[in-house]
Amino acid sequence: MVPGVIGAITNATTALIGKGAVELMVPGNFPVGCSAVYLTLFESPNKGDYERHGCLKAFNAFARYHNSQVKVALDMLRQKYPHVRIIYADYYGAAMRNFVHAPVHHGYRYAALALINGSSSTPPLVSSPL
C-alpha cells in the first residue's frame with residue numbers, strides 16, 4: 001500500500017516539476033491513530049494498543065512509516081531536481097506538538113486519551129472546546 005502511494009506522490013511531484021513548478025510543498029500524514037474516527041472504529045479493550053496520550057499505536061506507527069517513505073522519496077527528487085525547492089510539511093509532528101501534547105493551548109481541555117478507550121472520565125478531544 002505505502003509503495004503505491006509514495007509512487008503516486010513522486011509521479012505527481014515530477015509531473016508538476018515537468019510543468020515548470022520550482023517550489024512545491026508535499027505533506028506527510030497526520031497521526032491518524034489520534035483521530036476520533038479511528039479511536040471509535042478501532043476501539044480496543046487492550047490498553048497496550050494505545051500510546052501514552054491515548055492514540056492507537058499501530059495506526060500512528062503506520063503514519064510514521066508512510067512519512068519516512070515520503071521523506072526518502074523527496075530526498076531522491078531533490079537530488080534529481082536540485083533547482084526545485086521541495087518542502088516536506090510535517091503534519092504528524094505539528095499535530096502531535098499542538099493538539100496531543102498541548103491541547104489546552106489550542107482550546108481543548110483534554111488530550112487524545114478520551115472516553116473512547118474507557119481510560120478517562122473526560123470527553124473526547126473533538127467535543128470538548130473550552
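## Overall architecture

Helices here are DSSP runs of H or I with at least four residues, and strands are runs of E with at least two, both numbered from the N terminus. In this predicted model, the protein chain read along its sequence follows the pattern α-β-α-α-β-α, which comes to 4 helices and 2 strands.

Of the 130 residues of the protein chain, 36% count as buried, while the accessible surface comes to about 7600 Å², with 62% of that area belonging to carbon and sulfur atoms. Among the contacts between residues at least 6 apart in sequence, 57% join residues that are at least 24 apart.

## The disulfide

The structure holds 1 disulfide, formed by C34 and C55, whose sulfur atoms lie 1.9 Å apart. The pair links distant parts of the chain, with C34 placed in the loop between β1 and α2 (36-41) and C55 in the loop between α2 and α3, at a separation of 21 residues. The link of C34 and C55 is right-handed, with 105 degrees about the S-S bond.

## M25 in strand β1

M25 lies in strand β1, which spans residues 23-27. Its relative accessibility is 55%, so M25 counts as exposed, given that the exposed class begins over 50%.

When neighbours within four places in sequence are left aside, M25 is in contact with I87 and A89. The C-alpha atoms of M25 and R85 are separated by 8.4 Å, although these two residues stand 60 residues apart along the chain.

## N67 in helix α3

N67 has its place in helix α3, which covers residues 57-80. Is N67 buried or exposed? Because its relative accessible area is 4%, N67 is buried, the limit for that class being under 20%.

Once residues up to four places away in sequence are excluded, N67 touches G28, N29, Y88 and Y92.

Methods
Residues are numbered from 1 along each chain as its sequence is written. This is a predicted model: local features need pLDDT of at least 70, side-chain atom pairs count only at pLDDT 80 or more; totals for chains, interfaces and linings use all residues. Side-chain values use heavy atoms; hydrogens and water are left out. Buried means under 20% relative accessible area, exposed over 50%, partly exposed in between (1.4 Å probe, protein chains only). Contact means heavy atoms within 4.5 Å. A disulfide is a pair of cysteine sulfur atoms within 2.5 Å. Accessible areas come from the Shrake-Rupley method with a 1.4 Å probe; for residues, only the protein chains shown count as cover.
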